[in-house]
Amino acid sequence: MLFLRVSIIILFVVAAVHAAYAQSLPLYQPSRHEVLNAYKTATRLDSLARNAILKGNVKAHWEPGNKGFWYRNLLAGSSREFWYVEARTGTKTKLTDTTKLVPTKDNGIISGRIKSRWERQRPSDSLSPDKQWIASIRAGNVFLRSAQGVEAVKCTMNGDTTNPYGHIQWSPDSKHLVVFHIFPVAEKPVYYVLSSVDTSSRGILKSHEYAQPGDPFTGYEMFTINVADKKLVKVETEIYNFLGYPWIRWRTNDNNFFTFEKADRGHQRFRIIEVNANTGSARNLIDQQTNTFIYESRIFSWYTAASNEIIWSSEKDGYNHLYLVDAVKGGVKNAITGGNWVVRKVDSIDETKREIWFQASGMNAGEDPYNIHYYRIGFDGKHLVSLTPDNASHFCTFSPDRKYFIDNYSRPDLPAVTELRRTSDGKLISVLERADISAYLQLGISMPEVFVAKGRDGVTDIWGVVCRPPNFDSTKQYPVIENIYAGPQDAFVPKRFMNYGEMQSMAALGFIVVQCDGMGTANRSKAFHDICWKNLADAGLPDRILWIKALAKKYPYIDTARVGLYGTSAGGQNAAGALLFHPEFYKAAVASCGCHDNRIDKQWWNEQWMGYPVGPHYGEQSNITNAAKLKGALMLMVGEADTNVPPESTLRFASALIKAGKVFDLLVIPGMGHSDGGPYGRLKKRDFFVKHLLGVEPPDRNKEPM
């Protein structure tokens, strides 16, 4: 007990000393001359760092027979070298005669990439597979005739040009076809004006179709037609009025049955439905429901050719995993993967060996849970093989026969390493290259740091990166700028080596520039992701604030009294929202083409996270509704020709700020689309933070061009 008391006292003393030391550090407040020189340094580094990293990757050109491959390295001064690698041993031979080298097609991650469920072709051919029948649409109805005849039988009676039948899909045996009675809904347009077209003295009005949250969808009522008797049968399922019409998959050994996938509007129910083509009866093979959301675009489904099984991905057990489904009896036969980690992508499926090749993150204890690793596993969930053991994020390409693969791995703080490995067991054959960053380091650029701290629950790790100025002085306190994008569709912190970019370039002006993924973003647990549900205004900001405070606790040179942030699109919404909902912490923000009200933005993205129907929570979380809460310095940027997020989202926010008597900067860029502002906007963003976080007037480029 005495030891515990002493330990607690020591911790309090250390914390107090650390806090006192941090408070004693002078602020980094450069003179205007120093700031002007920093702009010049940043511009110089932008140019010199662009091609300063060499040997960062290997693009293999495999020879016939897969016994070896050649590749090319770009060296300093744009010179080149060529190497031949013997695959079995990894022996490298430098090539002097390159006249006979023939480039090969990019092998990709694995030959024959699996298409996502939304990429697959949805057939609508009118000629039957056996070429004996022709189905056609006339005046909105389905007609069927023999390919050798001229007389057609009318199979539907209530179609017309307003509500036609269409989207014909044949069974492989040509005995049935699926058709849809369509109830079209035209998408409403949104408008914008091109103000600065050289060929016109007037602004040019533009419009395009744009569905917003709550707008109705075209409906598709499903029917089958039996070719033998031309009978129309209604399928016993609801009208399909969300995400278009479905892709039909016929049972391989019995074309009397087919399946289709259905996501209900509101994103809270997903089903794989089987239909009896003769009777129209339907049953659910899979019926997943949730109180929050189902992220349909991440669902993977694969229908085996011969065994009547489905490989299906789901977050039903808290993490995204693969399951083997019985496509005849329905239901899950067994879990293929499981645990507190995430299947990120399926690369290939070998139905003969009953193996799945996939990418995952979070399985390796003690490392960044976002790191991508490659694996192979059996349909039965056994015989898991890890192909990429190193603590890093991996990108693999395979030989055409898949006996070998090239593993290129790195971290933000680890330059790329490229290895040749054996596919059967992942064994290392040879190290092909290590990235050469010597010229990069000679520029004085600080390497980024991977930093982790606890989130709002005190348990969950929040991961991010830190970029410091070149040759920064650790005895002074620097302002912080956060690069924010909290869109729930993914995670956004770099996990591979960070070639020089905007974060390092902004740091060169005298800032600590950071980025982290707060709760509500993807690629972690379902609970981590669910924070965003009907809660986009949250943006993970409570986690981000704690993360920056933890960074300051470790490093006294972090000034948490001068914190700004910038973002684009959803990040623009997040950046502005930080000044509305957390002005006690964030003091300056640059918001580019932000979705400032989720009712104004695109339907498919916003209903996925904010839900349907559109309820009061949409308005309650709107930046426009909350404009009067603004504190701190805000710059809004938008391109007048933005077709992704309507420009009026920013302009309505500006109007609400004006009505509330708020002061802010607004930059509308003529002719520009969905963007962070382009070169001019990025320049203004830097000037804004120099003025509001460093307290120095930026360059007057009309007098002192940089």
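Val193 is located in strand 10 (residues 189-194), where strands (E, at least two residues) and helices (H or I, at least four) are DSSP runs numbered from the N terminus. The model is predicted: local features need pLDDT of at least 70, side-chain atom pairs count only at pLDDT 80 or more, and totals for chains, interfaces and linings use all residues. Residues are numbered from 1 along each chain as its sequence is written, and side-chain values use heavy atoms, with hydrogens and water left out.

With a relative accessible area of 42%, Val193 is partly exposed; buried means under 20%, exposed over 50%, and partly exposed in between (1.4 Å probe, protein chains only).

His373 belongs to strand 24 (residues 373-378). This residue counts as buried because its relative accessibility is 1%. The His373 side chain reaches the backbone oxygen of Thr388 at 2.5 Å. Contacts (heavy atoms within 4.5 Å) of His373, not counting residues up to four places away in sequence, include Phe358, Glu367, Asp390 and His394.

The largest nonpolar core holds 88 residues; such a core is a set of buried Ala, Val, Leu, Ile, Met, Phe, Trp, Tyr and Cys residues joined through side-chain atoms within 4.5 Å. The members that touch the most other members are Phe511, Trp547, Tyr586, Leu634, Phe653 and Phe689. Helix 6 (residues 541-554) supplies the largest share of this core, six residues. Phe511 touches, among others, Pro469, Ile481, Met506, Phe689 and Leu693, not counting residues up to four places away in sequence.

Methods. Polar contact = N/O pair within 3.5 Å; in protein donor to acceptor, adjacent residues only side chain to side chain.
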